Amino acid sequence: MSATVDHVRTATAPLRLTVVIGSTRQGRFGPTIASWFVRQAALRDTITVDVVDTAGIELPHAFGAATDHHSVAEATEKLSRADAFVVVTPEYNHSYPGSLKNLIDIHHAEWQAKPVGFVSYGGISGGLRAVEHLRPVFAELHAVTVRDSVAFPNPWGRFDAAGELTAADGADDAAAVMLDQLSWWGEALRAARTAHPYGK
């Protein structure tokens with residue numbers, strides 16, 4: 001009986017979405033884009049939003065090094081309780097930042113059986129090459145990447161001083177489509193994990 005009650009409560013609870021800001025570069029534009037996306041997600045009462053910013057995490061400099069810093073523990077907790085993720089990434093040299101790969105690699109179970117969406121930005125490609133490099137990484141971690149993403153080619157002149165888009169140019173619609181897909185996968189996979197924990 002209690003398992004049935006827990007299943008119903010989980011099915012009706014808002015989807016817990018964690019937005020990951022992947023860049024740590026000085027003068028980065030990622031927080032502006034991430035804040036815009038958080039506002040898009042917050043328009044839905046079926047979603048609650050949390051943020052993990054790689055710039056605020058004391059990530060280890062060597063693979064396998066200690067990860068007991070409180071900022072890592074806080075990020076791990078946010079990733080663990082998430083039902084879905086959106087990764088905000090720039091494109092550096094046709095790929096994504098090392099800081100983002102570091103964050104991904106020091107976690108494992110936190111990503112499993114959960115959907116991942118992408119908001120990318122960069123030059124003329126809008127960061128899409130970074131996204132295509134990230135998809136197989138998350139597949140290896142047993143995550144599900146959604147088909148549609150949001151991309152911002154040359155975004156620096158597209159936002160005003162308050163961080164609002166000066167011309168949406170379809171970005172709001174693209175975010176809505178991606179959030180629809182994340183919601184479907186997030187709710188389906190959450191129900192599946194509740195009924196039968198992944199990998200057990």
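Is F138 buried or exposed, and what is its relative accessible area? F138 is buried, at a relative accessible area of 0%; here buried means under 20%, exposed over 50% and partly exposed in between, with a 1.4 Å probe and protein chains only. The model is predicted, so local features need pLDDT of at least 70 and side-chain atom pairs count only at pLDDT 80 or more, while totals for chains, interfaces and linings use all residues. Residues are numbered from 1 along each chain as its sequence is written, and side-chain values use heavy atoms, leaving out hydrogens and water.

**View 1. F118 and F138 form an aromatic pair.** Eight aromatic pairs occur in the structure; rings of Phe, Tyr and Trp (its six-membered ring) pair if their centres lie within 6.5 Å, and planes under 30 degrees apart count as stacked, over 60 as edge-to-face and the rest as tilted. In this one the ring centres of F118 and F138 are 6.1 Å apart with the planes at 55 degrees, so the pair is tilted. Because F118 belongs to strand β4 (residues 115-122) and F138 to helix α5 (residues 128-140), the pair ties together parts that are 20 residues apart in sequence. Helices (H or I, at least four residues) and strands (E, at least two) are DSSP runs, numbered from the N terminus. F118 is buried too, at 0% relative accessibility.

**View 2. An aromatic cluster, and a charge over a ring.** F29, W36, F37, F152 and F159 make up one aromatic cluster. Elsewhere, look for R25: its charged end sits over the ring of Y92, 3.8 Å from the ring centre. Such a placement requires NZ of Lys or CZ of Arg within 6 Å of the ring centre and within 35 degrees of the ring normal.

View 3. Helix α2 (residues 30-42) has 13 residues and reaches 18 Å from its first C-alpha to its last, close to the 18 Å expected, where the expected span is 1.5 Å times one less than the number of residues. Its buried residues are G30, I33, A34, W36, F37, Q40 and A41.

**View 4. S120 in strand β4.** S120 is buried, at 0% relative accessibility. Its side chain reaches the backbone oxygen of G126 at 2.6 Å. Not counting residues up to four places away in sequence, S120 touches residues including T89, V131, V150 and F152, contact being heavy atoms within 4.5 Å.

**View 5. R135 in helix α5.** With a relative accessible area of 16%, R135 is buried. The side chain of R135 comes to 2.8 Å from the backbone oxygen of V146. Beyond four places in sequence, R135 touches F118, T145, V146, R147 and S149.

View 6. A174 is partly exposed, at 23%. The C-alpha atoms of A174 and V150 are separated by 5.7 Å, although the residues are 24 apart along the chain.

How values were computed. Polar contact = N/O pair within 3.5 Å; in protein donor to acceptor, adjacent residues only side chain to side chain.
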